[in-house]
Amino acid sequence: IGKTVDAIGRDFDAFGGTITGFTGPLDRVTDKVLGLEAAIGALAVGAIAIAVKKAGEFGDSFKEISTLVDASAGDIAKFRGDVLDYAADSDRSIGDVNQALYKAISAGIDYRAALDSLRTSEKLSQAGRTDLASTTVLLAGTMNAYGAQTEEAGRYADVFMQTVRKGLTTLPELAGSLSNVTGIAAMGKVPIETLSAAIAAL
């Protein structure tokens, strides 16, 4: 019996060593899993912090836009939702969208038509490889000077692209200089096509 007990004891010792060898790597896996959980948790906290920061930035910039709008609280809230919906589908950041909206409304575009105008402006900025603010200033300022309706935005955008193609200029350069003459041209009944052709020729 003694020899048998000794043999069983040795087998249990060997089995214990095997278990120890097996659980060692599991301990390391556990450490890695806990480390991964901590990293994911940190990312989640960081993402929430960024989201809160961005939401705060949007709130601040939208408040600036709302100061330009004469509308009821309900209409402002609806417009806010429309802006967020637009930004979700836009290639531009929410900051760029808000900045462009501010410029469009400042230039005289009715807030209810501002997002439609911004869609055309965004297409123009993509085609001209420039920032949204520049194309919005160009489009909204020119249309305001000519008293054009929002549905005419596509026509004006086409004229600007032809001006860039035919003349040695860019959309930001047009945005910076065209406003100096559009008021005079509009008062003199000079069509935007004629004015832009003259700029391209010069």
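1. Arg 112 is exposed, at a relative accessible area of 62%; here exposed means over 50%, buried under 20%, and partly exposed in between, with a 1.4 Å probe and protein chains only. Arg 112 forms a salt bridge with Asp 110, and their closest N and O atoms are 2.9 Å apart. A salt bridge is taken as a side-chain nitrogen of Lys or Arg within 4 Å of a carboxyl oxygen of Asp or Glu. Asp 110 is partly exposed, with a relative accessible area of 35%.

2. On the basis of these values: this is a predicted model, in which local features need pLDDT of at least 70 and side-chain atom pairs count only at pLDDT 80 or more, while totals for chains, interfaces and linings use all residues. Residues are numbered from 1 along each chain as its sequence is written, and side-chain values use heavy atoms, with hydrogens and water left out.

3. Five salt bridges are found in a search of the whole structure. One of them joins Asp 82 to Lys 78, with the closest N and O atoms 3.1 Å apart. Both residues lie in helix H2 (residues 73-89), four residues apart, which is about one turn of the helix. Helices are DSSP runs of H or I with at least four residues, strands are runs of E with at least two, and both are numbered from the N terminus. Lys 78 is exposed at 53% relative accessibility, whereas Asp 82 is partly exposed at 30%.

4. Arg 155 forms a salt bridge with Glu 152, the closest N and O atoms being 3.2 Å apart. Through salt bridges that share partners, Glu 152, Arg 155 and Glu 193 are joined into one network. Arg 155 is partly exposed, with a relative accessibility of 35%, and Glu 152 is partly exposed at 26%.

5. Two packed helices are described by the angle between their axes and the distance between the axes. For H5 and H8, the axes come within 8 Å and cross at roughly 25°. The axes are lines fitted to C-alpha atoms, for helices over the stretch in contact, and angles run from 0 to 180 degrees between N-to-C directions. H5 is therefore roughly parallel to H8, since angles under 35 degrees count as roughly parallel, over 145 as roughly antiparallel, 65 to 115 as roughly perpendicular and the rest as oblique.

6. Which residues make the contact between H5 and H8? From H5 they are Thr 142, Ala 145 and Tyr 146, and from H8 they are Thr 182, Gly 183, Ala 185 and Ala 186; contact means heavy atoms within 4.5 Å. By class, there are four nonpolar, three polar and no charged residues. Ala, Val, Leu, Ile, Met, Phe, Trp, Tyr, Cys and Pro count as nonpolar, Asp, Glu, Lys and Arg as charged, and the others, Gly among them, as polar.

7. Thr 182, in helix H8, is buried at 4% relative accessibility. Leaving out residues up to four places away in sequence, Thr 182 touches Thr 142, Ala 145, Tyr 146 and Leu 195.

8. Two loop residues have backbone angles to check. Arg 129 has a phi near 50°, a positive value in a residue other than glycine. Arg 129 sits in the loop between helix H4 (111-127) and helix H5 (132-146), and is exposed at 80%. Lys 189 likewise has a positive phi, near 60°, and is not a glycine. Lys 189 lies in the loop between helix H8 (179-187) and helix H9 (192-201), and is exposed at 72%.
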